[in-house]
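Let's take a walk through a protein and its ligand. Have a look at the picture, and then we'll go through it piece by piece.

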Amino acid sequence: MSEDYNAESVACFDRHAQRYAEKYFELRDYDRFYRALAEALPPNGARFLDLACGPGNAAAFVRQACPSADILCVDRSPAMLVVAGQRVRGAVCQQADCRDLRSLAPGFDAAAFCFALSYFDDTDARRVLAELARLLRPGATLLLSSVSGDPAHSGPQHSSSGDRVFMVYRRPTTLAEMLIEAGFAVDLMEELDSPANASQKTVDVLMLARRNSVPAD
Ligand SMILES: C[S@@+](CC[C@H](N)C(=O)[O-])C[C@H]1O[C@@H](n2cnc3c(N)ncnc32)[C@H](O)[C@@H]1O
């Protein structure tokens with residue numbers, strides 16, 4: 001893969017941000033997982049991070065459930081952040097690459113990292129999960145969701161419109177192992193069929209995890 005293989009994937013999301021939002025923002029398939037995030041927030045001074053937020057699906061749910069929470073939406077795509085800003089009232093939207101989140105202050109009470117891990121190779125995926133472990137306070141809740149699949153199918157994927165994204169498929173057990181290695185305890189893990197309107201049929205993994213008190217080495 002190229003040095004910044006991820007840039008082409010992000011450019012694709014940037015081009016299609018509005019269409020992505022129209023297709024996936026209203027989906028209610030993951031509400032019970034988003035609810036667990038909202039329930040993990042303290043009544044006062046709550047800080048929530050939606051990492052690789054896209055149009056802000058998770059953040060919008062949390063905003064409805066916790067009107068006073070401080071919500072930070074982070075994505076590498078400027079167009080996605082514009083959409084998130086329109087759809088998540090009062091959220092702060094910040095452009096950043098989730099492999100380097102040094103500009104963010106730690107201490108979040110909960111975070112969502114949904115359907116983005118597959119755009120990273122193993123080295124970068126571990127880097128993102130380590131950044132999440134650093135940013136979440138001990139005991140904080142993380143929702144990690146990802147497509148799963150046969151690692152042999154990883155690589156550039158082409159769409160009929162000529163777009164190309166770089167995808168890394170992982171088995172559900174590998175996803176759980178990576179999360180544990182990064183310093184999280186997995187409380188819940190479910191495998192679900194991708195949404196009915198998804199462009200590609202996959203089995204998706206959703207995990208609710210807690211940041212350990214003692215960070216991983
Ligand atoms: C499939 S969308 C998921 C959006 C949203 N989290 C959801 O659940 O619908 C993947 C998102 O990851 C973002 N992304 C990909 N690489 C990124 C990176 N290096 N840093 C930050 N965001 C990234 C894309 O711009 C896109 O918005």
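Start with the shell around the ligand: its residues split into 11 nonpolar, 5 polar and 4 charged. Here Ala, Val, Leu, Ile, Met, Phe, Trp, Tyr, Cys and Pro count as nonpolar, Asp, Glu, Lys and Arg as charged, and the others, Gly among them, as polar. In total, 20 residues surround the ligand, and the closest are Ala 52, Gly 54, Arg 76, Ser 77 and Cys 114 (near means a C-beta atom, placed from the backbone, within 6 Å). Helix H1, residues 5–15, gives the most to this shell, with 4 residues.

A word on what you're looking at: this is a predicted model, where local features need pLDDT of at least 70, side-chain atom pairs count only at pLDDT 80 or more, and totals for chains, interfaces and linings use all residues. Residues are numbered from 1 along each chain as its sequence is written.

Now find helix H2, residues 17–24, where Ala 17, Tyr 20 and Ala 21 are buried (20 or more other C-beta atoms within 10 Å of the residue's own; exposed means 12 or fewer). Seen down the axis of H2, the buried residues fall within an arc of 100°, so they line one face of the helix (the arc is that of the directions from the helix axis to the C-beta atoms). The face turned away from that buried side carries the exposed Arg 19 and Glu 22. And what covers the buried residues of H2? The cover includes H1 and helix H5 (78–87).

Finally, step back: the protein chain has 7 helices and 9 strands (DSSP runs, H or I of at least four residues for helices, E of at least two for strands, numbered from the N terminus). Buried residues make up 43% of its 217 residues.

Conventions: Contact = placed C-beta atoms within 7 Å.
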